[in-house]
Amino acid sequence: MLKRMPRTVPQGPPYQSVVGSFREAFSSRQRFRTEVLAGLATSFALIPEVISFAILAGVSPAVGLFSTVVLCFVIAFTGGRPAMITGAAGATALVIAPLVASHGTDYLIVTVVLAGIIQVIFGLLGVAKLQRFITPEVMSGFVNALGIMILTAQLEHIIGADWPVWVLFAIGIAALLIFPKITAAIPAPLIAIAILTLMVVILGWRVPNVGDMGGLTGGLPEVRMPDVPWTWETFFLVLPYALGFAAVGLVESVMTGQLVDGMTMTSSNKTRESWGQGVANIAAGALAGTGGCGMIGQTMVNVEESRARTRLSSIAAGGFLLLFILSLHQAVSAIPMAALAAVMVIVSLKTISWYTVSPKGLLRLPWQHSLVMMCVFTATLATNNLAVGVVLGAAVGVVLTKIAPTESGGEAA
C-alpha cells in the first residue's frame with residue numbers, strides 16, 4: 001500500500017533493458033507464471049474501461065479494444081517502464097471526442113498518427129526531463145485524486161443496483177482481501193473474477209455484466225487508409241487535437257511510470273517512455289484508428305495486485321485481450337461488472353497516499369506541501385483531467401519555492 005511517496009525517483013536497481021526484462025520474466029517458472037497470470041487479470045480490468053472510453057471518444061468499442069492490443073504489444077518493446085500498461089485511456093479520449101463528433105473517425109486516424117510523431121519528437125528532445133518538476137507533493141495530490149477518480153467511477157455499477165449486485169460486490173471485496181494472505185501463486189483479482197462469474201452462472205442471477213457494455217462481437221475492426229484531403233487545411237485542423245493528445249498522453253504516462261518506480265523501488269527511462277509511447281500510438285493509429293497512454297488503474301492491477309515486474313505482462317495482457325476479442329468473447333461477456341468494480345475499488349484504496357491526508361501527516365508536513373497537494377487534487381477532480389492538475393500543481397510548487405521556501409523541506413509524502 002502506498003503510505004508515503006518517495007522523495008525522489010528511486011536510485012536502486014537501474015533501468016531494465018528490453019532483453020533484461022524478458023530474461024527476468026523467463027528466469028523461473030514462478031516468475032513466468034506470475035507475469036502471465038498478471039497479464040490475464042489485467043486484461044479483464046482493461047475490457048470495461050476501454051469499452052467505456054471508446055464510446056466516450058465516439059468510436060466503436062471494437063476499435064478501442066484492438067487499439068489497446070496493439071498498444072500493449074508495441075509498448076512492451078519500446079516503453080521505458082516494464083510492467084506498465086498502456087491502452088485506450090480516458091484522458092486521451094476526452095481530447096479527441098470533439099474532433100470525432102464533428103469530422104468523423106477518418107480524421108481521428110490522422111490525429112493519432114500525428115500525435116504519435118509529436119510524442120517521438122518530444123521524447124528525442126528530452127521533454128521527459130521536465131519530470132523534475134513533479135515533486136513529492138505533486139505526486140501526493142496526483143495519487144489522491146487518482147484514487148478518488150477510480151473509486152467514483154465504480155459507483156455507477158453499485159449504487160442503486162439490486163441486492164445480488166451488492167452480494168457479489170461484498171464477496172469480491174472479501175476475496176481480494178483474503179486470498180493474498182492464503183496464496184501468492186494466483187493473482188487475487190483473477191480469483192475474485194472467477195468466483196463471482198461462476199456464482200452468477202450457477203445461480204442464474206441476471207446482473208449487469210461486461211456483455212451489456214457491448215463491443216465483444218468476435219471480430220476485428222476494419223483497417224483502412226483515412227479518407228481525408230491531404231492538404232495543409234487538414235493538417236492545421238487536426239494539429240491542436242494532436243498536440244493536446246500528445247501532451248496529455250505523455251503527462252499521464254510519465255506520471256504512471258513514476259508511480260510504479262515508487263511502488264517497486266526501481267528506476268525507469270522516462271525519455272524512452274516518451275518516444276516509445278509515440279511509436280505505439282503511430283502503430284495503433286495506423287492499424288485501428290485510436291491511440292492511448294499509460295492506464296494507471298490497470299497498471300495498479302498489474303503491478304500492485306498481481307505483482308508483475310516485467311514486459312512480458314504487457315504482452316500477456318494484450319495477447320489475452322486479443323484472444324477474448326476473437327474467441328472467448330461470450331465467456332468474457334458473462335463477467336459481472338460487480339467483480340470488476342470490486343477489483344478497482346481495492347485498487348483505488350491502495351492508490352491513495354493515506355499519510356498525506358491523515359491528521360498526523362497534515363500536522364507534520366509543511367503547509368506548502370499541503371497547498372500544492374490540494375491544488376493538484378482539486379484541479380484534477382474539477383476538470384476530470386489528471387494532466388491539468390499536475391501542470392497546475394507543478395506551477396504552484398515553483399512559485400512557492402521562490403516566495404515561501406520550506407525551512408527543512410518537511411517529510412516526503
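Buried means under 20% relative accessible area, exposed means over 50%, and partly exposed lies in between, using a 1.4 Å probe and protein chains only. By that rule Arg307 is partly exposed, because its relative accessible area is 27%. This is a predicted model, in which local features need pLDDT of at least 70, side-chain atom pairs count only at pLDDT 80 or more, and totals for chains, interfaces and linings use all residues. Residues are numbered from 1 along each chain as its sequence is written, and side-chain values use heavy atoms, with hydrogens and water left out.

## Backbone with positive phi

Most residues other than glycine have a negative phi, and most peptide bonds are trans. Arg307 has a positive phi, near 65°. Arg307 sits in the loop between helix H11 (296-305) and helix H12 (312-326). Helices (H or I, at least four residues) and strands (E, at least two) are DSSP runs, numbered from the N terminus.

Ala83 also has a positive phi, about 75°, and is not a glycine. Its loop runs between helix H3 (61-78) and strand E1 (86-87). Ala83 is buried, because its relative accessibility is 2%.

## Salt bridges

Side chains of opposite charge can pair when their charged atoms come close. Here a salt bridge is a side-chain nitrogen of Lys or Arg within 4 Å of a carboxyl oxygen of Asp or Glu. The structure holds four of them.

| Asp261 | Arg81 | 2.6 Å |

Asp261 and Arg81 link distant parts of the chain. Asp261 is in helix H9, Arg81 is in the loop between H3 and E1, and they are 180 residues apart. Both Asp261 and Arg81 are buried. Asp261 and Lys270 are both buried too. Arg81, Asp261 and Lys270 are linked in a network of salt bridges.

Glu35 and Arg31 are a local pair. Both lie in helix H2 (residues 29-57), four residues apart, about one turn of the helix. Glu35 counts as buried because its relative accessibility is 0%.

## Nonpolar cores

In soluble globular proteins, nonpolar side chains tend to be buried together. A nonpolar core is a set of buried Ala, Val, Leu, Ile, Met, Phe, Trp, Tyr and Cys residues joined through side-chain atoms within 4.5 Å. The largest such core has 83 residues. Phe44, Leu46, Phe142 and Leu259 have the most contacts inside it. Helix H14 (residues 337-351) gives the most to this core, with 11 residues. Apart from it lies another core, of 24 residues, including Ala54, Val95, Phe245 and Ala387.

Which residues does Phe44 touch, leaving aside neighbours within four places in sequence? Its contacts are Leu190, Ile193, Phe324, Val332, Ile335 and Leu340, where contact means heavy atoms within 4.5 Å.

Thr68 lies in helix H3. Thr68 is buried, because its relative accessibility is 0%. Beyond its neighbours within four places in sequence, Thr68 is in contact with Leu46, Val50, Thr86, Gly87, Ala88 and Leu321.

## Aromatic pairs

A pair of aromatic rings is described by the distance of the centres and the angle of the planes. Rings of Phe, Tyr and Trp (its six-membered ring) pair if their centres lie within 6.5 Å; planes under 30 degrees apart count as stacked, over 60 as edge-to-face and the rest as tilted. The count by this rule is nine aromatic pairs.

Trp163 and Trp205 are edge-to-face, at 5.4 Å centre to centre and 75° between the planes. Trp163 is in helix H7 (residues 163-182), while Trp205 is in the loop between helix H8 (188-203) and helix H9 (232-264). They are 42 residues apart. Trp163 counts as exposed, because its relative accessibility is 58%. Trp205 is partly exposed, at 22%.

Phe235 and Phe236 also form an edge-to-face pair, at 5.2 Å centre to centre and 75° between the planes. Phe235 counts as partly exposed at 30% relative accessibility, whereas Phe236 is exposed at 53%. Phe44, Phe320 and Phe324 form one aromatic cluster.
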